[in-house]
Amino acid sequence: MSATIRRTRRTAALLLGATLVTLTATACDSTGGPSVSTEAKQTPAATAPAAGAATSAPAKPADSKPAEAAKAPAKVGDTIALKSTLEKGNTADVTALKLVDPAQSSNEYLHAEDGKHYVAVQFQIKPTGAKAYSEAPWSAAKVVDDQGQAYGPTLAETKAGPSFQTPTNIASGETGKGFVVFEVPNGTKLDKVQFSLDNGFADQVGQWKLG
(Lines give C-alpha, C1' and ligand atoms only; values in the text may rest on other atoms or scores of the structure.)
Protein backbone atom coordinates (compact mmCIF):
# COMPACT_ATOMS: atom_id res chain seq x y z
CA MET A 1 0.00 0.00 0.00
CA SER A 2 1.47 3.39 -1.01
CA ALA A 3 2.18 6.14 1.48
CA THR A 4 -0.30 8.40 -0.34
CA ILE A 5 -3.17 5.95 0.09
CA ARG A 6 -2.30 5.38 3.77
CA ARG A 7 -2.23 9.13 4.34
CA THR A 8 -5.60 9.54 2.62
CA ARG A 9 -7.19 6.83 4.77
CA ARG A 10 -5.71 8.32 7.95
CA THR A 11 -7.10 11.75 7.03
CA ALA A 12 -10.52 10.24 6.36
CA ALA A 13 -10.51 8.56 9.79
CA LEU A 14 -9.61 11.84 11.51
CA LEU A 15 -12.38 13.65 9.69
CA LEU A 16 -14.92 11.00 10.62
CA GLY A 17 -13.97 11.33 14.27
CA ALA A 18 -14.26 15.13 14.15
CA THR A 19 -17.66 14.86 12.49
CA LEU A 20 -19.01 12.45 15.13
CA VAL A 21 -17.82 14.69 17.96
CA THR A 22 -19.38 17.74 16.35
CA LEU A 23 -22.68 15.98 15.72
CA THR A 24 -22.89 14.95 19.38
CA ALA A 25 -22.09 18.45 20.60
CA THR A 26 -24.58 19.99 18.19
CA ALA A 27 -27.36 17.74 19.44
CA CYS A 28 -26.65 18.83 23.02
CA ASP A 29 -25.75 22.50 22.70
CA SER A 30 -27.23 23.96 19.50
CA THR A 31 -29.57 26.90 19.99
CA GLY A 32 -31.68 28.75 17.46
CA GLY A 33 -32.13 27.92 13.79
CA PRO A 34 -29.76 28.00 10.84
CA SER A 35 -29.12 31.18 8.85
CA VAL A 36 -27.29 31.97 5.62
CA SER A 37 -25.04 35.05 5.64
CA THR A 38 -24.46 36.60 2.22
CA GLU A 39 -23.35 40.12 3.19
CA ALA A 40 -19.66 40.89 2.80
CA LYS A 41 -17.82 42.42 5.76
CA GLN A 42 -17.10 46.09 5.10
CA THR A 43 -13.54 47.37 5.36
CA PRO A 44 -12.71 50.67 7.15
CA ALA A 45 -11.83 52.21 3.78
CA ALA A 46 -15.28 51.38 2.46
CA THR A 47 -17.15 52.87 5.41
CA ALA A 48 -15.00 55.90 6.36
CA PRO A 49 -15.95 59.33 4.85
CA ALA A 50 -13.56 60.81 2.33
CA ALA A 51 -11.02 63.33 3.62
CA GLY A 52 -12.51 66.82 3.76
CA ALA A 53 -16.06 65.60 3.14
CA ALA A 54 -18.86 67.22 5.12
CA THR A 55 -20.52 64.92 7.65
CA SER A 56 -23.22 67.17 9.12
CA ALA A 57 -25.41 67.59 6.03
CA PRO A 58 -28.32 65.15 5.67
CA ALA A 59 -27.77 62.40 3.15
CA LYS A 60 -29.38 62.80 -0.23
CA PRO A 61 -31.26 59.92 -1.88
CA ALA A 62 -28.31 59.34 -4.21
CA ASP A 63 -26.02 58.88 -1.20
CA SER A 64 -27.89 55.68 -0.29
CA LYS A 65 -26.39 53.79 -3.23
CA PRO A 66 -23.20 52.69 -1.40
CA ALA A 67 -25.33 51.28 1.45
CA GLU A 68 -27.48 49.42 -1.04
CA ALA A 69 -24.39 48.04 -2.75
CA ALA A 70 -23.12 46.75 0.60
CA LYS A 71 -26.19 44.49 0.77
CA ALA A 72 -25.35 42.79 -2.52
CA PRO A 73 -24.48 39.07 -2.19
CA ALA A 74 -20.86 38.40 -1.27
CA LYS A 75 -18.73 37.22 -4.18
CA VAL A 76 -15.34 35.57 -4.57
CA GLY A 77 -12.78 37.85 -2.92
CA ASP A 78 -15.18 39.07 -0.22
CA THR A 79 -14.95 38.34 3.51
CA ILE A 80 -17.84 37.16 5.70
CA ALA A 81 -17.76 37.28 9.50
CA LEU A 82 -18.82 33.89 10.89
CA LYS A 83 -19.52 32.62 14.38
CA SER A 84 -19.74 29.24 16.07
CA THR A 85 -22.91 27.73 17.47
CA LEU A 86 -21.03 25.70 20.08
CA GLU A 87 -18.41 28.13 21.45
CA LYS A 88 -19.08 31.80 22.13
CA GLY A 89 -15.45 32.82 21.61
CA ASN A 90 -15.11 31.00 18.30
CA THR A 91 -15.52 33.56 15.51
CA ALA A 92 -13.65 34.03 12.24
CA ASP A 93 -13.45 36.19 9.14
CA VAL A 94 -13.62 33.80 6.18
CA THR A 95 -12.78 34.80 2.61
CA ALA A 96 -13.45 32.78 -0.54
CA LEU A 97 -10.29 33.76 -2.42
CA LYS A 98 -10.32 31.79 -5.65
CA LEU A 99 -12.30 29.28 -7.73
CA VAL A 100 -10.43 26.84 -9.99
CA ASP A 101 -12.79 24.98 -12.35
CA PRO A 102 -11.71 22.52 -13.57
CA ALA A 103 -8.83 21.55 -11.25
CA GLN A 104 -6.36 18.82 -12.18
CA SER A 105 -5.49 16.07 -9.73
CA SER A 106 -1.97 16.22 -8.31
CA ASN A 107 -1.98 12.46 -7.67
CA GLU A 108 -1.51 10.19 -10.66
CA TYR A 109 -3.50 7.44 -8.91
CA LEU A 110 -6.53 9.50 -7.87
CA HIS A 111 -8.86 11.01 -10.47
CA ALA A 112 -12.45 12.13 -10.71
CA GLU A 113 -14.98 9.50 -11.78
CA ASP A 114 -15.95 9.24 -15.44
CA GLY A 115 -18.26 12.07 -16.34
CA LYS A 116 -17.07 14.21 -13.44
CA HIS A 117 -14.25 16.65 -12.68
CA TYR A 118 -12.62 18.37 -9.72
CA VAL A 119 -13.31 21.94 -8.63
CA ALA A 120 -11.12 23.70 -6.05
CA VAL A 121 -11.99 26.71 -3.91
CA GLN A 122 -9.32 28.53 -1.91
CA PHE A 123 -10.39 29.95 1.46
CA GLN A 124 -8.66 32.25 3.92
CA ILE A 125 -9.56 31.91 7.61
CA LYS A 126 -8.75 34.50 10.28
CA PRO A 127 -9.95 33.77 13.85
CA THR A 128 -11.27 36.99 15.37
CA GLY A 129 -12.40 35.85 18.84
CA ALA A 130 -10.65 34.54 21.93
CA LYS A 131 -10.48 31.00 20.54
CA ALA A 132 -8.00 29.68 18.01
CA TYR A 133 -9.43 28.02 14.94
CA SER A 134 -8.87 24.27 15.30
CA GLU A 135 -11.19 22.48 12.89
CA ALA A 136 -11.31 20.58 9.61
CA PRO A 137 -12.06 23.10 6.81
CA TRP A 138 -12.35 20.11 4.48
CA SER A 139 -15.69 19.27 6.11
CA ALA A 140 -16.94 22.86 6.39
CA ALA A 141 -17.61 23.75 2.74
CA LYS A 142 -19.90 22.86 -0.13
CA VAL A 143 -20.66 24.15 -3.61
CA VAL A 144 -24.16 24.60 -5.04
CA ASP A 145 -25.12 24.62 -8.73
CA ASP A 146 -27.68 26.81 -10.50
CA GLN A 147 -30.34 24.14 -9.93
CA GLY A 148 -29.86 24.14 -6.14
CA GLN A 149 -27.96 20.83 -6.05
CA ALA A 150 -25.22 20.85 -3.38
CA TYR A 151 -21.92 18.96 -3.64
CA GLY A 152 -19.75 18.08 -0.65
CA PRO A 153 -15.94 17.98 -0.55
CA THR A 154 -13.58 15.19 -1.51
CA LEU A 155 -10.17 14.23 -0.11
CA ALA A 156 -8.51 14.66 -3.51
CA GLU A 157 -5.66 17.13 -3.88
CA THR A 158 -5.17 19.18 -7.01
CA LYS A 159 -2.60 21.28 -8.83
CA ALA A 160 -4.63 24.37 -7.90
CA GLY A 161 -2.61 24.56 -4.68
CA PRO A 162 -2.16 23.07 -1.19
CA SER A 163 -5.21 21.84 0.67
CA PHE A 164 -5.85 22.58 4.35
CA GLN A 165 -4.25 20.24 6.85
CA THR A 166 -6.54 18.12 9.05
CA PRO A 167 -7.07 19.56 11.55
CA THR A 168 -6.10 23.12 10.73
CA ASN A 169 -4.86 25.18 13.70
CA ILE A 170 -4.78 28.98 13.39
CA ALA A 171 -4.09 31.27 16.35
CA SER A 172 -6.47 34.15 17.02
CA GLY A 173 -5.59 37.14 14.84
CA GLU A 174 -3.49 35.10 12.40
CA THR A 175 -4.56 33.82 8.99
CA GLY A 176 -4.44 30.50 7.17
CA LYS A 177 -5.12 29.59 3.55
CA GLY A 178 -5.93 26.37 1.75
CA PHE A 179 -8.01 24.75 -0.96
CA VAL A 180 -11.10 22.59 -0.53
CA VAL A 181 -11.78 20.23 -3.46
CA PHE A 182 -15.14 19.07 -4.81
CA GLU A 183 -16.11 16.49 -7.44
CA VAL A 184 -18.98 17.60 -9.70
CA PRO A 185 -20.58 16.27 -12.90
CA ASN A 186 -19.24 17.64 -16.17
CA GLY A 187 -21.39 20.48 -17.47
CA THR A 188 -22.36 21.63 -13.96
CA LYS A 189 -22.81 25.38 -13.65
CA LEU A 190 -21.79 26.28 -10.12
CA ASP A 191 -23.71 29.19 -8.58
CA LYS A 192 -22.42 29.58 -5.02
CA VAL A 193 -20.02 28.25 -2.40
CA GLN A 194 -20.75 27.94 1.33
CA PHE A 195 -18.64 27.66 4.48
CA SER A 196 -19.43 27.43 8.21
CA LEU A 197 -17.63 26.92 11.51
CA ASP A 198 -17.98 23.94 13.89
CA ASN A 199 -16.60 21.66 11.16
CA GLY A 200 -19.52 22.62 8.95
CA PHE A 201 -22.29 22.25 11.56
CA ALA A 202 -22.66 25.84 12.82
CA ASP A 203 -26.10 27.38 12.40
CA GLN A 204 -24.63 30.37 10.55
CA VAL A 205 -23.49 29.59 7.00
CA GLY A 206 -21.44 32.01 4.88
CA GLN A 207 -22.33 32.09 1.20
CA TRP A 208 -20.49 33.57 -1.80
CA LYS A 209 -21.89 34.04 -5.30
CA LEU A 210 -19.78 32.49 -8.05
CA GLY A 211 -19.38 33.87 -11.54
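Is D191 buried or exposed? Select D191 and take a look: this residue is buried, with a relative accessible area of 16%. (Buried means under 20% relative accessible area, exposed over 50%, and partly exposed in between, using a 1.4 Å probe and protein chains only.)

Before moving on, know that this is a predicted model, where local features need pLDDT of at least 70, side-chain atom pairs count only at pLDDT 80 or more, and totals for chains, interfaces and linings use all residues. Residues are numbered from 1 along each chain as its sequence is written, and side-chain values use heavy atoms, with hydrogens and water left out.

**Stop 1: around D191**

Now bring in K209: a network of salt bridges links D191, K192 and K209.

**Stop 2**

Next, show the strands (DSSP runs of E, at least two residues, numbered from the N terminus). Five of them form an open sheet with mixed pairing, in the order β1-β12-β11-β6-β7. At the edges you'll find β1 (35-37) and β7 (150-151); each has a single partner strand, so one side of each lacks a neighbour in the sheet. Zoom in on β11 and β12 (residues 204-209), which pair in the antiparallel sense over four bridges. (Two strands pair if DSSP finds at least two bridges between them.) Here Q194 stands opposite Q207 in β12.

**Stop 3: the nonpolar core**

Now pick F123, V143, V193, F195 and W208. These have the most contacts inside the largest nonpolar core, which has 28 residues. (Such a core is a set of buried Ala, Val, Leu, Ile, Met, Phe, Trp, Tyr and Cys residues joined through side-chain atoms within 4.5 Å.) Among the elements giving two or more residues to this core are β2 (79-83), β6 (141-145) and β11 (190-195). β4 gives the most, with four residues.

**Stop 4**

Finally, select E87 and K131. They form a salt bridge, with the closest N and O atoms 3.7 Å apart. E87 sits in the loop between β2 and β3, K131 in the loop between β4 and β5 (133-135), 44 residues apart. E87 is partly exposed at 36% relative accessible area, and K131 is partly exposed at 39%.

Note on methods
Salt bridge = Lys/Arg side-chain N within 4 Å of Asp/Glu carboxyl O.
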